[in-house]
Amino acid sequence: IDWMSYCKYRTCNRGRPPRPRAGYIVMKLFMGARSELIPLWKWSVWHKEAGRIVIPANQTKGKEVDVEFNVSQIPNLQEWLEWAWEIDGCPSDNEFITGHHCHTDGIRKKWINMNKNIFSVSEKQRFYDLSSKHGNY
């Protein structure tokens, strides 16, 4: 997770890092959050002192009721959220978890394209060619 959050390619033309924020990664991996919903969430969904996650109904898949649970229900979630919050610069509650209110698909694709050698696959032999400088993505 640390490597994904702090990959060596950290700048783009607009000065924003082409990488997912640590909060995004923790929410995705440990909570199973949907990629298309996380950009809607602000850090206020995590109530640090109460140890709870409260996601408003309009920012959930079903959009019917708020989703609420204790972070203790998921092993080590509290520690990972604290780590992500610190790595992302101790953002205020009104800041978006992704750092901005947009989907991260373009950011992920840009990062993958910058690291094509990782995703290079030889079509003939069907194996990953990590030494290749050309990718197939």
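Mentor: What follows is a walk from the whole chain to a cluster of rings, and then to the sheet and a few other places.

Please keep in mind from the start that this is a predicted model, and that the protein chain averages a pLDDT of 76, with 60% of the residues scoring at least 70. Over residues 7-13 the pLDDT falls below 50, although this stretch still has 14 contacts in the model beyond its near neighbours in sequence. The protein chain holds 5 helices and 5 strands, and, read along the sequence, these follow the pattern α-α-β-β-β-α-α-α-β-β. Of its 137 residues, 36% count as buried, and the accessible surface comes to about 8600 Å², of which 52% belongs to carbon and sulfur atoms. Among the contacts between residues at least 6 apart in sequence, 52% join residues that are at least 24 apart.

Now to the rings, where a search of the whole structure finds 3 aromatic pairs. In one of them, the ring centres of Phe30 and Trp80 lie 5.1 Å apart with their planes at 25 degrees; planes under 30 degrees apart count as stacked, and so this pair is stacked. The pair links distant parts of the chain, since Phe30 belongs to helix 2 (residues 22-31) and Trp80 to helix 3, 50 residues apart. Trp80 also pairs with Trp83, this time edge-to-face, with 5.4 Å from centre to centre and 85 degrees between the planes. These two residues are 3 apart in helix 3, which means that about one helical turn separates them. Taken together, the ring pairs link Phe30, Trp80 and Trp83 into a cluster. How accessible is each member? Phe30 is partly exposed at 25% relative accessibility, Trp80 is partly exposed with a relative accessible area of 28%, and Trp83 is also partly exposed, at 22%.

If you follow the chain out of helix 3 (77-87), you come to the loop between helix 3 and helix 4 (105-114), where Asp88 is found. Asp88 has a relative accessible area of 10%, and because buried means under 20%, Asp88 counts as buried. Leaving aside residues up to four places away in sequence, Asp88 touches Arg21, Ala22, Gly23, Trp43 and Ile97.

Strand 1 pairs with strand 2 (residues 52-55) over 2 bridges, and His47 stands opposite Arg52 in strand 2. Their hairpin has 4 residues between the strands, and in this hairpin Gly51 takes a positive phi near 65 degrees. Strand 2 is joined to strand 3 by 4 bridges, with Ile53 standing opposite Phe69 in strand 3.

One further ring deserves a look, that of Phe96, over which the charged end of Lys42 sits, 5.1 Å from the ring centre.

Note on methods
Residues are numbered from 1 along each chain as its sequence is written. This is a predicted model: local features need pLDDT of at least 70, side-chain atom pairs count only at pLDDT 80 or more; totals for chains, interfaces and linings use all residues. Side-chain values use heavy atoms; hydrogens and water are left out. Two strands pair if DSSP finds at least two bridges between them. pLDDT is the predictor's confidence in each residue, from 0 to 100. Contact means heavy atoms within 4.5 Å. Buried means under 20% relative accessible area, exposed over 50%, partly exposed in between (1.4 Å probe, protein chains only). Accessible areas come from the Shrake-Rupley method with a 1.4 Å probe; for residues, only the protein chains shown count as cover. Rings of Phe, Tyr and Trp (its six-membered ring) pair if their centres lie within 6.5 Å; planes under 30 degrees apart count as stacked, over 60 as edge-to-face and the rest as tilted. A charge sits over a ring if NZ of Lys or CZ of Arg is within 6 Å of the ring centre and within 35 degrees of the ring normal.
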